[in-house]
Structures are given as structure tokens and as C-alpha cells.
Amino acid sequence: SARPSAAEPVSAQRFARRESVRGSVTSRQVAMPIQCGVDAVPLCFPDGLGLAGYGPLAGEGYGDDEPDPRTRLMARALVLESSASVVSEARPLFLVVVDLMGSSLRLQQRVVDRLRSAAIPVDDAHLILLASHTHSAPGQYFGTSLYDAFAQSPAGHREDVAPVIEDAVARACQQADAQRRP
């Protein structure tokens, strides 16, 4: 097939009909609609947690009574899935931004476990967990000795902090998944 010239607009239909030749076999790619869903869930922490990123100079954070929604800490999820996923064994892709100083592998694995227990087909490669890198969120959730020791004051890991994050991220993913539309 001929390539379009630089001046000719490339329509979605023409682009989706690209032909590729492998040896003597020609295959046509068919455009598959992508489904998308989005949702956001607030992070509601207990009062008095050390803020992450300031080390021993960190102050204490407030809980879930932040009156201004523009400054509320959130977990925001975007899910993308191709209709080809129904035919093949492809999985939806979850992109999640959480208002935290950083993410952690432990946090990602726990969220994947929660989503799987809710019958959402996801694995570590299909949950991308990103942090906004705010210094206005608590620490003590990382699950690594370096960050748990030095990222906030007081140092240490608190088992009551990580589940708050895991729950918000999992709920945002579940709700985004439930709202998927073409």
C-alpha cells in the first residue's frame, strides 16, 4: 500500500488498515476500540502522622478533615482496555497517581492482591503506580528499611498507614474499571 504524503491527513481508518508483510503472508490490523474509565478516591489518614520527605524535620499531618478539596490527597486511577482483550488474554492497564512522596513495590503488590480478590484480572505489569511526590503526605508505609527509617519523623513502619493507601487505590481502580466506556 502507498504511504500518505506529508500533506495528506492520516485518518484513523487509513492508519488502522496498515498492511505489514512477513515473507509471503500479509496481515491486516483491525482497529479495536479502547475502553477507558477514570475515578478518584480521597486518602483519609489518621491525624498526627509524620510527613514524608522531610526526615527528622517533618511536622505532623492532618487527617481527613481538610476543608479545601483542591488540597485533599487523592488516589486517581485511569484504566485502559482494548476490545482485543476480550478475544485474547490481554489484561486492562491501570495507571494510578497517588498523592504520596513515593510509591513502593510492597504497596503495588498489595493493591494487585486486592484487585485480584475482587475478580479484576491484573498483574504487576498492568498496574502502574505513580506518586505525585508531595511532601504533604505521611510516610511510614513504604515497607523498606531505608525509607521507613529516614523519610519521616518519627521513623518506622506503621501497619495502620499502608491499608489506608491500599484501600483508596484499590477502590479507585475498581470504580474506574466499573465505569469503562468506549
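D160 is partly exposed, with a relative accessible area of 36%, where buried means under 20% relative accessible area, exposed over 50%, and partly exposed in between, for a 1.4 Å probe and protein chains only. D160 forms a salt bridge with R158, the closest N and O atoms being 2.6 Å apart, and R158 is likewise partly exposed, at 29%. The term salt bridge stands for a side-chain nitrogen of Lys or Arg within 4 Å of a carboxyl oxygen of Asp or Glu.

## Basis of the values

This is a predicted model, in which local features need pLDDT of at least 70 and side-chain atom pairs count only at pLDDT 80 or more, while totals for chains, interfaces and linings use all residues. Residues are numbered from 1 along each chain as its sequence is written, and side-chain values use heavy atoms, with hydrogens and water left out.

## Salt bridges across the sequence

How many salt bridges does a search of the whole structure find? The search finds 11, and among them is the contact between the side chains of R180 and E81, at 2.0 Å from N to O. Because R180 lies in the segment after α5 (162-178) and E81 in strand β4 (residues 74-82), this pair ties together parts that are 99 residues apart in sequence; helices (H or I, at least four residues) and strands (E, at least two) are DSSP runs, numbered from the N terminus. E81 counts as buried, at 12% relative accessibility.

The side chains of R91 and D123 also meet in a salt bridge, at 3.4 Å from N to O. R91 lies in the loop between α2 (84-87) and β5 (93-98), and D123 in the loop between α3 (105-117) and β6 (127-131), so the pair ties together parts that are 32 residues apart in sequence. R91 counts as partly exposed, with 34% relative accessibility. The loop between α2 and β5 also holds A90, which is partly exposed at 40% and whose C-alpha is 9.7 Å from that of V122, a residue 32 positions away in sequence.

A network of salt bridges links R106, R110, R114, E159, E166, D167 and R171.

## Aromatic pairs

The whole structure contains 2 aromatic pairs, counted where ring centres of Phe, Tyr and Trp (its six-membered ring) lie within 6.5 Å, with planes under 30 degrees apart taken as stacked, over 60 as edge-to-face and the rest as tilted. Ring pairs link Y141, F142 and Y147 into a cluster.

## The sheet and a surface patch

An open sheet is formed by 4 strands in the order β3-β4-β5-β6, with mixed pairing; two strands pair if DSSP finds at least two bridges between them. Since β3 (34-42) and β6 stand at the edges with a single partner strand each, one side of each is left without a neighbour in the sheet. The antiparallel strands β3 and β4 are joined by 9 bridges, and the bridge partner of C36 is L80 in β4.

L130 is found in strand β6 and is partly exposed, with a relative accessible area of 41%. Together with V97 and I128, L130 forms a nonpolar patch on the surface with about 200 Å² of accessible area, as given by the Shrake-Rupley method with a 1.4 Å probe, where for residues only the protein chains shown count as cover. Patches are made of residues with over 30% relative accessible area and no salt bridge, like charges being joined within 9 Å and nonpolar side chains (Val, Leu, Ile, Met, Phe, Trp, Tyr) within 5 Å.
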